[in-house]
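Dear colleague,

Please read them with the model open beside you.

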Amino acid sequence: MNKQLLDIKNFDMESVIAMINTVSGCLDEFLFVREIQTNRVYLSPNATMRFAVDEYDFIDRDNYFENHLIYEEDRKLVSSMLYSALVEDANIDFFCRWNGRDGSPVWVHSIAYVIKDDEGIPKYFFGSTNEIGQKRIADDISGLKGERLLIDEYEKLVAQGKRGRIIRFGIDHFKEINENHGIDYGDMVIRNTAQCIKKAVTGLEEVYRISGDEFVILDFNDDDFAHSVKIYERATFEVNDFIISNNYDSFYTISAGIVDIKNRTNVSYDAVMRRAEFALNEAKRRGRNQYYEFNPEDYDTFKKSRQILNELRRSVAEGYDGFDAFFQPIVDHDTNKLVGAEALMRYKDMEGKYIPPVVFIPLLEESGLIIPAGRWIVSRAVEMCQKMQELIPGFYIGINISYVQIRKSNVLDLLINIKNKSGLPDGSLVIEITESGEIECDESFIDFCTKLRDNGILLALDDFGTGYSNFHYLNRLRPNTMKIDRTFTVGAINSEYEMELLKSMSDMAHSIGLKTVIEGIETDAELEKISMVSPDYIQGYYFGKPMPVPEFMTFVSEYV
Ligand code: C2E
Ligand code: CA
Ligand code: CA
């Protein structure tokens with residue numbers, strides 16, 4: 001509202017009120033006026049619907065306006081603003097919180113000034129207020145400032161040459177909290193976390209809420225990194241304290257990423273917040289309920305993996321350009337005959353450089369791209385199996401299937417259909433599943449394994465000896481084959497104790513009708529030693545490395 005346009009010094013209070021009633025219908029703002037001599041206050045009448053006041057026209061006794069309307073924490077600020085308007089004759093323009101009708105603080109932007117009469121005596125205090133909660137300047141759930149004010153503050157500090165640390169907090173598993181307990185409960189958790197983080201700050205640092213479940217503190221007043229760690233630790237302490245005082249009605253944890261910009265040249269807000277986002281994600285990735293200090297090397301690795309992921313996406317979209325299926329021979333231990341092969345995925349980036357499977361397979365898994373890529377390699381494996389069975393009847397192919405494929409796609413139907421269409425006999429396809437903490441032996445997973453078997457597709461438990469509750473899996477999943485991982489093999493070759501352990505596991509596997517494959521045999525000496533455990537099959541560089549199809553076919557023609 002412009003002071004020049006609205007010269008109301010000669011209006012009486014009734015005319016001012018009439019003017020407010022006229023204009024407030026076409027404004028987003030709430031207007032207010034105080035007649036200084038009488039202390040009569042008039043607000044835009046619709047303010048009573050949004051804010052914690054029952055009246056819009058009243059004589060302000062006992063600081064009614066301040067006590068009802070202004071959020072307690074901001075009353076000092078508002079008083080000092082009023083003081084400068086009255087005594088220093090300043091126009092005031094500031095952000096503060098008003099109490100909402102429902103009890104939660106509402107961020108508002110107020111502009112106000114004092115209007116004096118011809119003798120220079122203050123007559124009216126006039127102003128307008130608009131709600132800014134929707135615009136990320138501030139946030140009504142937590143009562144905290146929002147990202148726009150964070151940017152202002154950050155840029156101000158940096159312009160003053162100040163350096164410090166950004167602490168970015170996040171509520172762990174917040175999505176699940178919302179999904180499992182509902183939005184109101186989620187809001188309660190946000191409000192409570194905001195309070196806990198505020199309590200953790202001892203200095204003047206503000207807490208900002210920048211998105212759904214994320215909060216930021218600019219820790220610029222203390223040079224010591226430990227200061228930021230202390231803030232994080234105090235916040236977690238407060239959260240725990242809240243949980244205990246609520247008799248564990250709610251249970252959750254918080255993580256934080258801390259970025260030090262002390263020695264950085266590129267300190268633009270966006271660049272720094274990207275690092276803070278990475279740091280927070282890293283804290284969560286490492287198990288949550290912890291903080292992570294930004295580390296440039298980790299960030300480079302992360303950025304490279306994003307680049308690879310983009311290339312993988314492009315490749316999948318462009319007909320699996322860059323993907324290849326390699327095959328590694330599997331040999332019968334007693335007869336030295338070639339009995340099968342494992343299909344192993346390979347990926348070359350645009351420059352033609354091979355990316356190791358330990359790098360790209362997890363990226364395919366986390367992005368879901370393993371579903372189309374897995375479908376692709378199943379087709380290659382089936383083609384290979386058909387080709388090989390013309391040369392070696394009964395030849396089988398091992399195909400790796402990730403847990404994600406089972407959980408998030410209908411890989412079961414895919415396998416059954418492709419097997420039926422191919423005309424391959426039962427036992428030609430062996431699905432290799434790695435036991436890991438991820439596998440939940442629930443009904444749907446057991447159902448998957450049972451249906452595979454019912455359709456003549458076998459199951460191999462991969463990487464045996466590296467994972468978790470091996471015996472539990474054997475019992476519930478009833479695989480046909482146990483593949484013993486190279487780390488276990490190497491351990492057994494070098495330690496008598498581990499050799500004994502491997503022998504008894506292998507005996508046990510045989511006693512319940514499982515075939516064993518020893519993985520990772522590289523030398524004659526290793527083969528000789530491992531013979532003590534009488535494995536059924538051997539897979540390793542000793543017989544052949546994973547090879548592209550043409551090379552594998554040459555290998556086969558020379559081997560048979
Ligand atoms: P894995 O299923 O355990 O595959 C066997 C790994 O052992 C292969 O690594 C193979 O190259 C390696 N290997 C075989 N013999 C020897 C040996 O004598 N010495 C040594 N040091 N290593 C040997 P690779 O090809 O790098 O694959 C790594 C992992 O990536 C695989 O482990 C598997 O878990 C995953 N993977 C590969 N292809 C696929 C796929 O098509 N789908 C899925 N879901 N995962 C795949
Ligand atoms: Ca495997
Ligand atoms: Ca393996």
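A pocket here is an open set of grid points, where a 1.4 Å probe fits, with protein on both sides within 12 Å along at least five of seven lines, and a molecule sits in a pocket if more than half of its atoms lie within 2 Å of the pocket's grid points. Please keep in mind that this is a predicted model.

By that definition, ligand 1 sits in the largest pocket. Of the 22 residues around ligand 1, those that come nearest are R346, S402, D462, E522 and Y541. Strand β13 (338–348) gives the largest share of this shell, four residues, while β13, α11 (357–367), α12 (370–391) and β17 each supply at least two.

Turning to polar contacts, a polar side-chain atom of E342 lies 3.1 Å from an oxygen atom of ligand 1, and a polar backbone atom of M345 is 3.0 Å from a nitrogen atom of the ligand. A polar side-chain atom of R486 lies 3.5 Å from a nitrogen atom of ligand 1. On its own ligand 1 has 800 Å² of accessible area, of which the protein covers 81%.

E342 also belongs to the metal site, where the calcium ion (ligand 2) is coordinated by E342 (OE), N400 (OD1), E432 (OE) and D462 (OD) at 2.1 to 2.3 Å. D462 coordinates the calcium ion (ligand 3) as well, and the two ions are 3.9 Å apart. Because N400 lies in strand β15 (residues 396–400) and D462 in strand β17 (residues 458–464), the pair ties together parts that are 62 residues apart in sequence. D462 is buried, with a relative accessible area of 4%, whereas N400 is partly exposed, at 29%.

With best regards

Notes: Residues numbered from 1 in each chain as written. Chains lettered and ligands numbered in written order. Predicted model: local features only at pLDDT ≥ 70, side-chain atom pairs only at ≥ 80, totals over all residues. Heavy atoms only, no water. Donors = N, O, S within 2.8 Å, 3.2 Å for Na, K, Ca; no water. Buried < 20%, exposed > 50% of the residue type's maximum accessible area, 1.4 Å probe, protein only. Near = heavy atom within 4 Å. Polar contact = N/O pair within 3.5 Å; in protein donor to acceptor, adjacent residues only side chain to side chain. Areas by Shrake-Rupley, 256 points an atom, 1.4 Å probe, with all protein chains shown as cover. 1 Å grid on protein atoms, 1.4 Å probe; cavity = no way out; pocket = protein on both sides within 12 Å on 5 of 7 lines; lining within 4 Å.
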